[in-house]
Amino acid sequence: KYGIDDAPNGVLVTDIKPKTQAYERGLRVGDLITSVNKEEIVTRSDFLSLVEAISRQEDTIMLMRVLRDGENRFVAIRLK
């Protein structure tokens, strides 16, 4: 459905709310998040654990490497 049959491991974005920081920074349904702050993402649990650890820090940036249409891009959001 999303054209990532042969894609590397990662977490697929299946829903994103408009007007959120992630959406405004360019994250879209169908994107595959392959790393967060240079840590490889293999499972949803990996992603959630990293986000939780990062969110414990005050006013930090979360940098996600995202695969879309066969190309890597980066999406950065500020966590407060």
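Student: Hi! Which residue in β5 is the bridge partner of Arg68?
Tutor: Hello! The bridge partner of Arg68 in β5 is Glu71. One thing to keep in mind as we go is that this is a predicted model.

Student: Thanks. In what sense do β4 and β5 pair, and over how many bridges?
Tutor: The two strands β4 and β5 pair in the antiparallel sense, with 9 bridges between them.

Student: And how many residues sit between the strands in that hairpin?
Tutor: There are 2 residues between the strands of the β4 and β5 hairpin. Asp69 has a positive phi there, near 55°.

Student: Let's zoom out. How many helices and strands does the protein have?
Tutor: The protein has 2 helices and 5 strands. Starting from the N terminus, the order of the elements is β-α-β-β-α-β-β.

Student: How compact is the protein for its length?
Tutor: It is as compact as a globular protein of that length, because its radius of gyration is 12 Å, close to the 12 Å that the globule rule gives for 80 residues. The C-alpha trace spans about 35 × 25 × 20 Å along the principal axes.

Student: What share of the residues count as buried?
Tutor: Of the 80 residues, 32% count as buried.

Student: Can we pick a single residue? Is Ser35 buried or exposed?
Tutor: Ser35 counts as buried, because its relative accessibility is 6% and the cut-off for buried is under 20%. You'll find Ser35 in strand β2, which covers residues 32–36.

Student: Which residues is Ser35 in contact with, leaving aside neighbours within four places in sequence?
Tutor: With those neighbours left aside, Ser35 is in contact with Glu40, Ile41, Leu63, Met64 and Arg65.

Student: What about contacts in the whole protein? How much comes from residues 24 or more positions apart?
Tutor: Such pairs account for 45% of the contacts that have a separation of 6 or more.

Student: How do the lining residues divide into nonpolar, polar and charged?
Tutor: The lining of the largest pocket has 14 nonpolar, 2 polar and 3 charged residues.

Note on methods:
Residues numbered from 1 in each chain as written. Predicted model: local features only at pLDDT ≥ 70, side-chain atom pairs only at ≥ 80, totals over all residues. Heavy atoms only, no water. Nonpolar A, V, L, I, M, F, W, Y, C, P; charged D, E, K, R; others polar. Pairing = 2+ DSSP bridges. Helix = DSSP H or I, 4+ residues; strand = E, 2+ residues; numbered from the N terminus. Rg over C-alpha atoms; globule rule 2.2 N^0.38 Å. Buried < 20%, exposed > 50% of the residue type's maximum accessible area, 1.4 Å probe, protein only. Contact = heavy atoms within 4.5 Å.
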